[in-house]
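Please look through the structure below with the sequence alongside. The explanation after it starts from a single residue and then turns to other parts of the chain.

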Amino acid sequence: SRGPPRRCAVAVPAAGRGGWPAGNIAASVVPRWWAQHIGQRVDGSLGAGAAWGFGYGFFATFLSLLILVQVRRKLFNWWGKLGVIVLALAVSAPSFMTLAVTIGSGKSSHAGRRIFDVNAPGFQWATAIGVGVGACAFFFVAFLMWRSRSNKIKLAEMRRYVDSNQTSAPVESSQSVPSAND
């Protein structure tokens, strides 16, 4: 089996350093656009901001981790695994865009923070809480699935042990079985 393509390994770090004009344009447009989009949905309500933020944070994190686990499958070749990773990153985009607005240092991020403060109060902190709860929920579900699989394996081992130790002759009991007349 061949390793991952080398061209992608070189292109990804170059995009992260602002080496591409599209990256610079996105950094100056996306935070403001995202804040305006959320601001229109929330419309200044603290409860709506908290609900939308928690929902985006929880589901983006939980689903992206659920998708990302599929990389372990032997069904996918390197291109398939790369596609799964890209899909997981796309699903987690709302959390990343909120993070870009929150910790960004550009003018667009600053404008996005002001839009969040006025039009979407509570959205940023609720997204952070949703991300934490979504990650905890994913790891809890993963633990339960691992535990269930472990229990199924142990049960199968016990059944094999019992089946191998049983004899073909019926076991006679020294105690008498009470009859209906007793």
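Serine 109 is in contact with Pro31, Ala100, Val101 and Gly104, leaving aside its neighbours within four places in sequence. In this predicted model, serine 109 has its place in helix 6, which covers residues 107-119. The relative accessible area of serine 109 is 6%, so the residue counts as buried, the cut-off being under 20%.

Not counting residues up to four places away in sequence, threonine 61 touches Ser95, Val131, Gly134 and Ala135.

The overall composition gives a setting for these two residues. The protein has seven helices and zero strands, and from the N terminus on its elements therefore read α-α-α-α-α-α-α. Of the 182 residues in the protein, 24% are buried. The accessible surface comes to about 13200 Å², and carbon and sulfur atoms account for 64% of that surface.

Two packed helices are described by the angle between their axes and the distance between the axes. For helix 2 and helix 3, the angle is about 125 degrees and the axes are 9 Å apart. The two helices are therefore oblique to each other, and their crossing is right-handed. On the helix 2 side, the contact involves Trp34, His37, Ile38, Arg41 and Val42, which meet Ala48, Gly49, Trp52 and Tyr56 in helix 3. By residue class, this contact of helix 2 with helix 3 divides into six nonpolar, two polar and one charged.

What lies in the loop between helix 2 (21-42) and helix 3 (46-68)? Aspartate 43 is found there. Its phi is near 55 degrees, a positive value in a residue other than glycine. With a relative accessible area of 65%, aspartate 43 is exposed.

Helix 3 also packs against helix 4, which covers residues 78-91. Here the axes come within 8 Å and cross at roughly 175 degrees. Helix 3 is therefore roughly antiparallel to helix 4, as angles over 145 degrees are counted that way. From helix 3, Ala60, Leu63, Ser64, Ile67 and Leu68 take part, and they meet Val84, Ile85, Leu87, Ala88 and Val91 in helix 4. The residues of this contact divide into nine nonpolar, one polar and no charged.

Technical notes: Residues numbered from 1 in each chain as written. Predicted model: local features only at pLDDT ≥ 70, side-chain atom pairs only at ≥ 80, totals over all residues. Heavy atoms only, no water. Helix = DSSP H or I, 4+ residues; strand = E, 2+ residues; numbered from the N terminus. Buried < 20%, exposed > 50% of the residue type's maximum accessible area, 1.4 Å probe, protein only. Areas by Shrake-Rupley, 256 points an atom, 1.4 Å probe, with all protein chains shown as cover. Contact = heavy atoms within 4.5 Å. Axes fitted to C-alpha atoms, helices over the stretch in contact; angles between N-to-C directions. Parallel < 35°, antiparallel > 145°, perpendicular 65-115°, else oblique. Left-handed = near helix turned anticlockwise from the far one by under 90°. Nonpolar A, V, L, I, M, F, W, Y, C, P; charged D, E, K, R; others polar.
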